[in-house]
Amino acid sequence: MNTSRIDLSALRSQFPALQQTDANGRPYVYFDGPGGTQVPQQVMDAMADYFVRANANCGGHFITSRRNDDIIDQARTAMADFINATSAAEIVFGANMTSLTFSFSRAIGRMLQPDDEIIVTHLDHDANIAPWAALEEKGIIIKWADFKCEDCRLDLGHLASLLNAKTKLVAVGYASNAVGTINPIAEIAAMVHAVGAWLWVDAVHYAPHGPIDVQGAGCDFMVCSAYKFFGPHVGALWGRLDLLEQLAAYKVRPSITTPPQKFETGTLNHEGLAGVSAAIDYLAEMGRHYSNQLPSTGVGAHNEYSGRGRELKQAMDAIMAYEKPLFVKLLTEIQKIPGTRIYGIIDPTEFDQRCPTLAFTREGFTPSQIAEHLGNQGIFVWHGNYYALSVTEKLGVEDSGGLVRVGLAHYNTAEEIDRLITALKNM
């Protein structure tokens, strides 16, 4: 893909938060996207409009309730387009990915027997570990797949060695929220299905950076959160419809007994769902606008999709094309700072195997000190373990404060990277 023609910086004007400045008039720099991205104006407008036109509960014989029901349906359809689900009935909404995973781990746990096995990985956010580890109280055996410390890649050989006839589910991340590694989901799915197990994928960190196709990935469940891809705080789960029908939900007796509603306990965040649709429409508009800057044939064409689904894949192609040279600049410049150690894949020819998320440490400074220094200059980064506790423990940095994480999004710029580098050099 020719990346030189893609420039998404004009989209910054659609994000009101990016217009904020500190007391010295310097614009804030948002490198904290892995913890939650900023949102465009149309998302805010959609949520405000919900309160005016559709603020009601479900199933009523009056106009605001009908509008509310339409908003929920529209959000399911939008998410189905975003991840290429076969049906909107496969989309379950909840408070966040963590809550959804705990809910489904209980439902799946009801089907398991003592000594059945679940595999988790040391590379994952704890939200894709703790819900499964909780099933140990039922006698389920939890096994851990390792990753390679030298480049933070999942050790597929070790994962393969753990699989056997007792394996019932494997939980992996699409991409590591700590170090950015993208896992080969389709390859892992083939390994998992070969022993008759299910594959559960946490796509929270990957979703704002690359196209998702649950059909092509071959997984059985996938979860993500809209607030990581320019939307509000809403979690979404996709599951194969036959599996959603098969699982027994923990639910109140009067609620709907069929998927997806049977898994949606209580009243959903309806205004948030309006924002989900708006966030996905924002991306689709991006795809329409920038599609002429992408290849007309090959990978960038996405001729296998149509309508909004195709536009969304084109948008993610544009995002990848814009973010990659930014990340090359970030990595190149930060490597020049004495005492800095970067964790994860650092070879630019392999950046298709990682997200533009950089984790580092620096001799003489704790991650907290670095983050505070940058924060005082209006540059927002995260420090610590970001709930990827197994990663920082494995890398041996947990007891010294974890890592500093700089996460790029498509609204970041080269000038912001220059500000970051200057601030780091001036410590």
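The model is predicted: local features need pLDDT of at least 70, side-chain atom pairs count only at pLDDT 80 or more, and totals for chains, interfaces and linings use all residues. Residues are numbered from 1 along each chain as its sequence is written, and side-chain values use heavy atoms, with hydrogens and water left out. Helices (H or I, at least four residues) and strands (E, at least two) are DSSP runs, numbered from the N terminus.

**Strand 3**

- Strand 3 (residues 117–121) is largely enclosed by the rest of the structure, because five of its five residues are buried (under 20% relative accessible area, with exposed over 50% and partly exposed in between, for a 1.4 Å probe and protein chains only).
- In a regular strand the side chains alternate between the two faces of the sheet.
- Glu 117, Ile 119 and Thr 121 point one way from strand 3, while Ile 118 and Val 120 point the other way.
- Strand 3 pairs in the parallel sense with strand 4 (residues 141–145) over five bridges; two strands pair if DSSP finds at least two bridges between them.
- Strand 3 also runs parallel to strand 7 (residues 167–173), joined by three bridges.
- Glu 117 stands opposite Ile 141 in strand 4, and its bridge partner in strand 7 is Thr 167.

- Five of the five residues of strand 15 are buried.
- Leu 403, Arg 405 and Gly 407 point one way from strand 15, and Val 404 and Val 406 the other way.
- Strand 15 pairs in the antiparallel sense with strand 12 over four bridges and with strand 14 over three bridges.
- Arg 405 of strand 15 is the bridge partner of Ala 359 and of Trp 382.
- Helix 11 (residues 367–375) has Pro 367, Ile 370, Ala 371 and Leu 374 as its buried residues.
- Seen down the axis of helix 11, these buried residues fall within an arc of 95°, so they line one face of the helix; the arc is that of the directions from the helix axis to the C-beta atoms.
- Among the elements that cover the buried residues of helix 11 are strand 15 (403–407), strand 12 (357–362) and helix 13 (414–425), where contact means heavy atoms within 4.5 Å.

**Cavities**

- The structure holds two cavities of 30 Å³ or more. On a 1 Å grid over the protein atoms alone, a cavity is a set of points where a 1.4 Å probe fits but cannot get out, a pocket is an open set with protein on both sides within 12 Å along at least five of seven lines, and lining residues have an atom within 4 Å of a point.
- The largest cavity has a volume of about 70 Å³, and its lining includes His 205, His 209 and Lys 228.
- The second largest cavity has a volume of about 40 Å³; a volume is the space filled by probe spheres set on the points, which are joined across faces, edges and corners.
- The lining of the second largest cavity divides into nine nonpolar, no polar and no charged residues. Ala, Val, Leu, Ile, Met, Phe, Trp, Tyr, Cys and Pro count as nonpolar, Asp, Glu, Lys and Arg as charged, and the others, Gly among them, as polar.

**Largest pocket**

- The largest pocket has a volume of about 840 Å³.
- Of its 32 lining residues, Ile 182, Tyr 206, Pro 211, Met 320 and Asp 352 lie nearest its centre.
- Helix 10 gives the most to this lining, with seven residues.
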